[in-house]
Amino acid sequence: MAVKFDPILGKLREEDSDTDVESFIVAASDETTALTTGTKVTFRMPYAFTLKSVKASVTTAPTSADLIVDIDNSGSSIFTTNLLIIDDGDTTSVGSGTTPNITNGILAADAVIVIDITQIGSGTAGAGLKVALIGHQTV
């Protein structure tokens, strides 16, 4: 088990990756404008991070087609085949018919993270996209 400094306790403690879960929740659009495909947000990781899962949500559900999101880690997708999907008519990726498979989830300190939309709803595009990166600091 790794050891890390706990600023609340003011001392070193053992890190437990099952309980030391952190999330980065990133707004990838405003709340009302219809989504479009392409790069929506780019940022750098503040520290090394091991990604365990991802989630996405929207304020307005896509209709007539799924909303599909890709996440790049320093130029390569974190997924191999199953990207992050919000099913047609839903407002969350939780419970999607396709589970994303993270294969490139070790994010280095200062890694460039890019959130791209690869498909929008064909009836209603969807609006208000937020993406959650869930995991823990890598020591």
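**A colleague's note on an all-strand model**

1. From the N terminus on, the elements of the protein chain run β-β-β-β-β-β-β-β-β-β-β. That comes to 0 helices and 11 strands, where helices (H or I, at least four residues) and strands (E, at least two) are DSSP runs, numbered from the N terminus.

2. A word on the ground rules before you dig in. This is a predicted model, in which local features need pLDDT of at least 70 and side-chain atom pairs count only at pLDDT 80 or more, while totals for chains, interfaces and linings use all residues. Residues are numbered from 1 along each chain as its sequence is written, and side-chain values use heavy atoms, with hydrogens and water left out.

3. Now the chain as a whole. Of its 139 residues, 42% count as buried; buried means under 20% relative accessible area, exposed over 50%, and partly exposed in between (1.4 Å probe, protein chains only). The chain exposes about 7,000 Å², with carbon and sulfur atoms supplying 53% of that area; accessible areas come from the Shrake-Rupley method with a 1.4 Å probe, and for residues only the protein chains shown count as cover. Among contacts with a separation of 6 or more, 75% are between residues 24 or more positions apart, a contact being heavy atoms within 4.5 Å.

4. On to the sheet. An open sheet is formed by 4 strands in the order β3-β11-β5-β9, and the pairing is antiparallel; two strands pair if DSSP finds at least two bridges between them. At the edges sit β3 (22-27) and β9 (106-107), each of which pairs on one side only. Strand β5 (residues 49-57) is joined to β9 by 2 bridges, and T50 stands opposite I106 in β9.

5. Strand β10 (residues 112-119) is also worth a look. With β4 it pairs in the antiparallel sense over 6 bridges, and V112 in β10 is the bridge partner of R44. Strand β6 (residues 67-73) is likewise joined to β10 by 6 bridges, running antiparallel; here D72 has V114 in β10 as its bridge partner.

6. A search of the whole structure finds 2 aromatic pairs; rings of Phe, Tyr and Trp (its six-membered ring) pair if their centres lie within 6.5 Å, and planes under 30 degrees apart count as stacked, over 60 as edge-to-face and the rest as tilted. The rings of F24 and Y47 have centres 5.9 Å apart and planes at 45 degrees, so this pair is tilted. Since F24 lies in strand β3 and Y47 in the loop between β4 (38-44) and β5, the pair ties together parts that are 23 residues apart in sequence. F24 is buried at a relative accessible area of 17%, whereas Y47, at 25%, counts as partly exposed.

7. The other pair brings in F49. Its ring centre is 5.1 Å from that of F24 and the planes are at 80 degrees, so the pair is edge-to-face. With F24 in strand β3 and F49 in strand β5, parts 25 residues apart in sequence are tied together. Both F24 and F49 are buried, and F24, Y47 and F49 form one aromatic cluster.

8. Last, a loop residue. G95 is placed in the loop between β8 (84-86) and β9, and G95 is exposed, with a relative accessible area of 69%. From G95 to I85 the distance is 9.7 Å, C-alpha to C-alpha, and the two are 10 residues apart in sequence.
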